[in-house]
Every structure is written in structure tokens, then in C-alpha cells.
Amino acid sequence: MNARAIVTVALGGVAACWSAPLSAQDVGGTSTVPIARYAPSARPVLPLDWRVRTLDGTDVRMDAYRGRPIFLNLWATWCAPCVAELASIATLRDSLVARGQHDVVFLLVAPETRRSVQRFRQRRPIDLPFVVEVDPLPSALGIKAVPSTWLVDRD
């Protein structure tokens, strides 16, 4: 396979892009694309008062996850690349749980209504913790496009 992919990874709020060759391994779920490095001095802080809403209507502030690592994914129901990566995110979450790493919080934030995400879940029964925005996404995250993913450390 002689395809190339542009991969954007945002860790600590600093996005890094690579043009990397894809192999058959990539299609099977094992990526050979490098992981981003970030400058610790450039790490933004996720506001603890930022709120999201679960699909059952419960508002949750980020301070509820204080001291836990967070896998934060911005996605949209209408975004084909977003939908395509959901299975990989579920696999990652399941593999961490299988290894006894239950403290990582997975949040998949859609800047949509609860109703639109609920309809999406009815059509595609994916077991992931989907939430919607209550407050606008923090500008510190430097959001440029969907999908975007951040790994937020315990601090």
C-alpha cells in the first residue's frame, strides 16, 4: 500500500502534524505513526469549571475528574473521520480496562445537542462516554478542527 496520511496529534494542547506512509498494519489498528512530543512549558491548563452534559442530562464539571488522566476527544456526528475513529477509541479504552487501568476518564465531546448524539447512538450502538457541551470549549485547547484529541495528565 503506497498511501500517505496526514496525522494530527494534540498532546498537552500542542498539535503536531506528520505526513507518514501507511502500511497494512495501520489498517488493522496498529499504527506506525510517531506520537507527538510537547514542550511542558507550552501545556495549557484545562479549566476545572468547564462543564459538559451526559446524554442522560447530568452536568459534569472537569473538577469531578481532578487527579485522574483524561482522554478528551472532540468529535461530531456528521464528521466521517470522527465516526471512523470511534471503534479505535473504544478498543483503546477496553484495552486499558483489561490491564486494570480503570482511572483514565474517556470523554467524547460533541458540540451538538443531546438529541442529535442520542439519535446517532441509536443508529450506531457504540459504548463510549459521549457528552455534549454546556460551556463553550476552552480556548486554551486551541481547537482548529474535528476530530481533535487531548491527553490531559493528572495535574
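Q: How do β6 and β7 pair?
A: Strand β6 (residues 105–110) pairs with β7 in the parallel sense, over 3 bridges. Strands here are DSSP E runs of at least two residues, helices are H or I runs of at least four, and both are numbered from the N terminus. Two strands pair if DSSP finds at least two bridges between them. This is a predicted model: local features need pLDDT of at least 70, side-chain atom pairs count only at pLDDT 80 or more, and totals for chains, interfaces and linings use all residues. Residues are numbered from 1 along each chain as its sequence is written, and side-chain values use heavy atoms, with hydrogens and water left out.

Q: Which residue is the bridge partner of Val109 in β7?
A: Val131.

Q: What is the strand order of the open sheet?
A: The order is β4-β3-β7-β6-β5-β8, 6 strands with mixed pairing. β4 (59–61) and β8 (148–152) stand at the edges. Each has a single partner strand, so one side of each is left without a neighbour in the sheet.

Q: How much are neighbouring strands turned against each other?
A: By 35° on average, direction ignored. Axes are lines fitted to C-alpha atoms, for helices over the stretch in contact, and angles run from 0 to 180 degrees between N-to-C directions.

Q: Which strands does α2 touch?
A: Helix α2 (residues 80–98) packs on the sheet and touches β5 (70–74), β6, β7 and β8. Its direction makes about 160° with that of β6. Contact means heavy atoms within 4.5 Å.

Q: And what does α3 touch on the sheet?
A: α3 touches β3 (51–54), β6 and β7. The direction of α3 makes about 160° with that of β7.

Q: Which residues of α3 are buried?
A: Ser116, Val117 and Phe120. Buried means under 20% relative accessible area, exposed over 50%, partly exposed in between (1.4 Å probe, protein chains only).

Q: Where do they fall, seen down the axis of α3?
A: Within an arc of 95°, so they line one face of the helix. The arc is that of the directions from the helix axis to the C-beta atoms. These buried residues pack against α2, β6 and β7.

Q: Switching to rings. How many aromatic pairs are there?
A: A search of the whole structure finds 4. One of them is Phe120 with Phe130, edge-to-face, at 6.2 Å centre to centre and 85° between the planes. Rings of Phe, Tyr and Trp (its six-membered ring) pair if their centres lie within 6.5 Å; planes under 30 degrees apart count as stacked, over 60 as edge-to-face and the rest as tilted.

Q: Why does the pair of Phe120 and Phe130 tie parts together?
A: Phe120 lies in α3 (residues 114–123) and Phe130 in β7 (residues 130–133), so the pair links parts 10 residues apart in sequence. Both Phe120 and Phe130 are buried.

Q: Is Cys79 buried or exposed?
A: Cys79 is buried, because its relative accessible area is 5%. Cys82 is buried too, at 0%.

Q: Last one. Where is Arg154?
A: In the segment after β8. Arg154 is partly exposed, with a relative accessible area of 46%. Leaving aside neighbours within four places in sequence, Arg154 contacts Gly67, Arg68, Pro69 and Asp103.
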